[in-house]
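Please look over the sequence and the fold, and then follow the description below.

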Amino acid sequence: MAVQKGDKVAIHYIGRLKDGSEFDNSYENGEPIKFEVGGGMVIPGFEDGVIGMEIGDKKTIVIPPEQAYGERDERYVFEVGKGEFPKDADIHVGAIFQMQGEHGEVIPVVISKIEGDTVSLDANHPLAGKELTFEMELVATGVEIPHHHCGCGCEDCGDDCDCDDHGCDDHGCD
């Protein structure tokens, strides 16, 4: 039976950039990705690519940035002083640090430039602005989906929370 919205699926995949370099491979990771189609747990283009597949089907899809991680947004590049980092931090271009968002979510940032005491941080997703190619294989349907933690800090996600909205609908929890 062909996959449709609401189905819970397991997909093996290899993700590549336009230049052919591999950025992710579920076969090497040893486990297919499991998600509910239409549940927003994966990028929209990947989710759309699964619709209509049947167990054992293999296909290759190309996902434009707007259906993946979006375009790069320079509003997510900002400067901070070196003094904002812990004293023992290894501050160098390419280093990855974590910040906390307004809802308690963890946001990874990469040092993109250092000039004197000023450090530029980039909070764009590393794949933002990139066209992604996925070789995918549907290996199962009707699978159990592990609970998804959105990192918003609400109790429904299993995190400690002082959020008054325990439904937490505005944070994207399930």
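Leaving aside residues up to four places away in sequence, F46 touches I11, Y13, I33, F35, I61, I63, F134 and M136, where contact means heavy atoms within 4.5 Å. The model is a predicted one, in which local features need pLDDT of at least 70, side-chain atom pairs count only at pLDDT 80 or more, and totals for chains, interfaces and linings use all residues. Residues are numbered from 1 along each chain as its sequence is written, and side-chain values use heavy atoms, with hydrogens and water left out.

F46 is also among the residues with the most contacts inside the largest nonpolar core, which has 19 residues; such a core is a set of buried Ala, Val, Leu, Ile, Met, Phe, Trp, Tyr and Cys residues joined through side-chain atoms within 4.5 Å. Buried here stands for under 20% relative accessible area, exposed for over 50%, and partly exposed for values in between (1.4 Å probe, protein chains only). At least two residues of this core come from each of β1 (8–17), α2 (44–50), β4 (58–63) and β9, and β9 gives the most, with 4 residues. Helices (H or I, at least four residues) and strands (E, at least two) are DSSP runs, numbered from the N terminus. A second, separate core of 7 residues includes F85, A95, F97 and L121.

Aromatic rings form a further theme. Rings of Phe, Tyr and Trp (its six-membered ring) pair if their centres lie within 6.5 Å, and planes under 30 degrees apart count as stacked, over 60 as edge-to-face and the rest as tilted.

| Pair | Centre distance | Plane angle | Class |
|---|---|---|---|
| F23 and F134 | 5.7 Å | 85° | edge-to-face |
| F85 and F97 | 4.9 Å | 70° | edge-to-face |

Because F23 lies in strand β2 (residues 22–25) and F134 in strand β9 (residues 132–141), their pair ties together parts that are 111 residues apart in sequence. F23 is partly exposed at 28% relative accessibility, whereas F134 is buried at 5%. Both F85 and F97 are buried as well.

Strand β1 is mostly covered, with 7 of its 10 residues buried. Y13 has M136 as its bridge partner in β9, while V9 has F35 as its partner in β3.

How values were computed: Two strands pair if DSSP finds at least two bridges between them.
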